[in-house]
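Thanks for making the time this morning. Please bring up the structure on your own screens, and I will walk you through the parts that I would like you to look at.

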Amino acid sequence: MAAAPKHLILQVDTVRSPEGLTDAQKEFLSCVQQSRFPVSSRIVWRARALDPLSNKALDDKALKSFVLTLPDGKTDVFKYGGHGGTKENPAEFFWTAGFSIPATYPTGLFAYKVTATSADGAVGTFDQFKVPAGQLTIVPASLRATPQ
C-alpha cells in the first residue's frame with residue numbers, strides 16, 4: 001500500500017464574475033481567465049486540489065479545508081460544486097471563492113494565497129508568481145472593458 005501524500009497539488013485561476021456586468025459584457029468577460037480586475041467588479045477564484053499519487057481532484061469529502069487569504073489577511077472559504085452545463089448535469093466540479101472589490105479599493109497588485117488541507121493532513125499552497133506583470137492587479141474602473 002502506498003504511503004499517504006504529505007503535499008497536494010493546487011490548480012488555481014481567476015475569472016470575472018457576471019455580477020455587475022451588462023448582458024453584452026457577460027458574453028465576453030464572464031468566467032474568462034484574467035488577472036486585471038476593475039474596482040467595483042467581482043473576482044472569482046476557481047481551484048482544484050489534486051492528490052499527487054493518483055492525480056485525482058479532491059472533493060468536499062476528501063478535503064478538511066480550502067482557504068483563500070486576501071492581502072489584508074482576511075480569509076474566505078472555498079465552496080465545492082458543479083459548474084457549467086446545467087444544474088442537473090454540471091460540466092465539471094471544482095472549488096470557488098470570490099471577492100467583490102469595493103469602489104474605494106486601492107489599485108495595484110493584489111497578493112493572495114490559497115491553502116488546501118486534506119482529511120488525512122496533506123497540505124497544498126498556491127502563491128502567485130512574483131513577476132508583477134503576471135500578478136492579479138486591481139485597476140481603475142475607467143479601464144473596465146466594454147463591448148464594441
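Predicted model: local features only at pLDDT ≥ 70, side-chain atom pairs only at ≥ 80, totals over all residues.

Please find Thr69 to begin with, whose bridge partner is Thr75 in S5. S4 and S5 run antiparallel and are joined by three bridges, where two strands are said to pair if DSSP finds at least two bridges between them. The strands themselves are DSSP runs (E, at least two residues), numbered from the N terminus. Residues are numbered from 1 along each chain as its sequence is written, and side-chain values use heavy atoms, with hydrogens and water left out.

Next, please turn to S3, which has pairings of its own. S1 and S3 pair in the antiparallel sense over eight bridges, with Arg16 standing opposite Ile43 in S3. S3 and S7 are likewise antiparallel, over six bridges, and there Ala47 stands opposite Trp95 in S7.

Which residues have the most contacts inside the largest nonpolar core? They are Ile43, Trp45, Phe66, Phe78 and Phe110, in a core of 26 residues. By a nonpolar core I mean a set of buried Ala, Val, Leu, Ile, Met, Phe, Trp, Tyr and Cys residues joined through side-chain atoms within 4.5 Å. Buried, in turn, means under 20% relative accessible area, exposed means over 50%, and partly exposed lies in between, using a 1.4 Å probe and protein chains only. The elements that give two or more residues to this core are strand S1 (9–16), strand S3 (42–50), strand S4 (63–69), strand S7 (92–100) and strand S9 (113–118), and S3 gives the most, with four residues. If we leave out residues up to four places away in sequence, Ile43 touches a number of partners, among them Val15, Phe37, Phe99, Phe110 and Leu136, where contact means heavy atoms within 4.5 Å.

That brings me to the rings. The structure holds 10 aromatic pairs, counted when the ring centres of Phe, Tyr and Trp (its six-membered ring) lie within 6.5 Å, with planes under 30 degrees apart called stacked, over 60 edge-to-face and the rest tilted. One of these pairs is Phe66 with Phe78, which is tilted, at 4.7 Å centre to centre and 40 degrees between the planes. This pair links distant parts of the chain, 12 residues apart, with Phe66 in strand S4 and Phe78 in the loop between strand S5 (75–77) and strand S6 (79–83). Phe66 counts as buried because its relative accessibility is 1%, and Phe78 counts as buried at 3%. Phe66 also forms a tilted pair with Trp95, at 5.1 Å centre to centre and 45 degrees between the planes. Since Phe66 lies in strand S4 and Trp95 in strand S7, that pair ties together parts 29 residues apart in sequence. Elsewhere, ring pairs link Trp45, Phe99, Tyr105, Phe110, Tyr112 and Phe126 into a cluster.

Finally, a word on the backbone. Most residues other than glycine have a negative phi. Ser40, although not a glycine, has a positive phi of about 75 degrees, and its place is in the loop between S2 and S3. Asn55, in the loop between S3 and S4, also has a positive phi, near 65 degrees. Ser40 counts as partly exposed at 38% relative accessibility, whereas Asn55 is exposed, with a relative accessible area of 53%.
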